[in-house]
Amino acid sequence: MGDLNPLSAWRRFLALPNDSRTKTLIVAFLVAGVCALMVSGATVLLRPIQAANRAAEEQARLGALVAGVPGMEDLLARSDGALSTVVVDLDRGGAAEGVTPAGLEAALGDAGNWTDLAQADDVAGLGRRPDLAQIYLLRQDDAVRLLLLPMVGSGYNGQIRALMALQGDMATVAGLAITAQQETPGLGARIEEPAWLAQFPGRQAVDDSGQVRFAVARGQASSIHEVDGITGATRTSNGVTQMVRFWLGPKGYGPLLDAIRRGEF
Amino acid sequence: MPPPAAAAPATTPAAPTVGLSRQRLWRALTEPLLRQNPVTLQILGICSALAVTTSLAAALTMSAALTAVVVMAAGIISVIRRHIPPSIRNIVQIVIIASLVVVIDQVIRAYLPDLSRRLSVFVSLIATNCIVMGRTESFARRNPPLPAMADALGNGLGYSIVLILIGTVRELFGAGTLMGRPILVSVDAGGWYEPLGLMLLPPSAFFLLGFLVWAVRSRWPEQAEPPDFVPPDVAEGRP
């Protein structure tokens with residue numbers, strides 16, 4: 001092994017018999033190394049494009065959700081077609097101080113901005129919840145007319161992400177859009193179908209006493225608070241119920257909704 | 001340098017190519033299109049063939065992805081074929097194939113986000129597609145890069161032909177559209193065509209594939225397999 005010239009070492013390696021242990025090990029490591037480089041290279045290089053795609057899709061769903069609410073087109077046109085984006089502090093129920101939408105991602109990278117949820121509070125099965133959330137709203141003469149709340153819950157196969165639009169009374173649902181889900185195609189994944197989502201506008205998510213009453217029914221909806229369940233997707237249906245109940249409840253956007261009802265936001 | 005692995009008896013129809021003649025290349029490319037089609041003759045890779053054929057666009061993307069993976073995998077494995085230790089042969093092949101699949105999946109996600117949502121897990125599942133592994137194991141491992149890639153391209157295209165055929169029929173009759181463009185105007189859109197919902201469900205792909213295999217084997221009877229089992233001639237069985 002006196003010759004350390006890499007070229008001749010490489011030749012010597014290639015000349016080894018294929019079933020020698022040294023060659024087997026070196027080939028295994030070389031193949032693994034080259035493949036790892038290839039995979040991580042592709043992932044890193046393409047990540048910005050994928051993130052931009054996801055953001056564009058979310059924006060498109062946001063636009064479609066707002067356009068689907070009657071009367072919002074005019075309002076949107078009057079406010080130059082843009083929704084206001086606000087980062088809110090969930091516990092205080094008001095705008096977060098010193099955090100802009102652009103800085104939200106960095107702020108959420110800090111574990112101090114997350115709250116661990118006690119078992120009893122953790123309706124949606126999240127484990128922990130961010131203290132800050134980016135919401136969208138449309139105002140008319142200082143009153144909030146439409147509020148768009150991002151939500152996350154647990155479905156059958158993974159997280160369900162959604163955007164819920166609430167009317168100015170903070171009780172009537174104006175629409176729901178599912179932004180991400182991994183439910184079973186043909187069963188749970190039907191929560192993405194327009195026909196199912198079309199039931200949401202007009203539902204009373206919160207009753208007169210301020211109690212969150214929204215539910216995905218088992219079978220047919222029987223009250224103004226419910227939407228029809230999806231046959232064969234009980235876990236997904238429950239996941240949507242729990243998600244909405246958690247996020248409209250006291251540990252979710254509850255304090256914010258109270259503040260808006262009092263006209264303090 | 002050790003001699004290449006001796007040309008072992010071919011287990012699959014494609015015999016190892018020794019020379020590099022143009023005719024051989026052409027045969028390696030065209031044989032798998034119809035006469036040795038991986039889907040209709042060998043019934044390989046039908047899981048994805050059934051799952052992604054509800055629309056022509058998805059079938060085309062899947063075909064392109066599989067063809068790209070099988071050609072690249074065959075090329076790479078053929079280049080290093082003399083240095084793959086036999087004891088870890090399959091692992092090396094799978095690692096290479098799986099990495100190529102991840103790269104292709106990431107590219108589709110970045111540049112064709114809508115289609116990638118429709119194809120969901122099936123692009124990642126190319127890693128387990130028998131066609132890819134079958135071609136690298138039976139052909140690319142024993143042949144120089146050019147014929148190996150020609151053979152892989154032929155098999156990829158053979159798979160594509162079946163996918164495109166089934167995808168066309170399913171989309172046309174299931175939704176009345178082709179590539180999303182209305183061809184048969186459906187009743188919902190004020191036309192006359194009542195879409196055949198069955199065509200969009202998985203069983204229809206089985207039926208179509210069954211008819212296709214039947215048609216191919218009627219045209220080329222030598223493709224039909226001999227029966228596995230011949231019932232004994234017993235007295236009670238006779239009329």
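Chain A holds an open sheet of six strands in the order 2-1-5-6-7-8, with antiparallel pairing (strands pair if DSSP finds at least two bridges between them). The model is predicted: local features need pLDDT of at least 70 and side-chain atom pairs pLDDT 80 or more, whereas totals for chains, interfaces and linings use all residues. Residues are numbered from 1 along each chain as its sequence is written, with chains lettered from A and ligands numbered from 1 in the order in which they are written.

**Sheet of chain A**
- Strand 2 (94-95) and strand 8 (173-180) of chain A are the edge strands, each with a single partner strand, so one side of each has no neighbour in the sheet. Strands (E, at least two residues) and helices (H or I, at least four) are DSSP runs, numbered from the N terminus.
- Strand 1 (residues 84-89) of chain A runs antiparallel to strand 2 of chain A, joined by two bridges.
- Within this pair, A:Val88 stands opposite A:Ala95.

**Contact between chains**
- In chain A, 21 residues are in contact with 19 residues of chain B (contact: C-beta atoms, placed from the backbone, within 7 Å).
- Helix 2 of chain A supplies the largest share of the side of chain A that touches chain B, 16 residues.
- That side divides into 13 nonpolar, five polar and three charged residues (nonpolar: Ala, Val, Leu, Ile, Met, Phe, Trp, Tyr, Cys and Pro; charged: Asp, Glu, Lys and Arg; polar: the others, Gly among them).

**Helix contact in chain B**
- Residues meeting between helix 1 and helix 7 of chain B include B:Arg24 and B:Leu25 in helix 1 and B:Asp151 and B:Gly154 in helix 7.
- By class, this contact of helix 1 with helix 7 of chain B has seven nonpolar, two polar and two charged residues.

Definitions and conventions
Contact = placed C-beta atoms within 7 Å.
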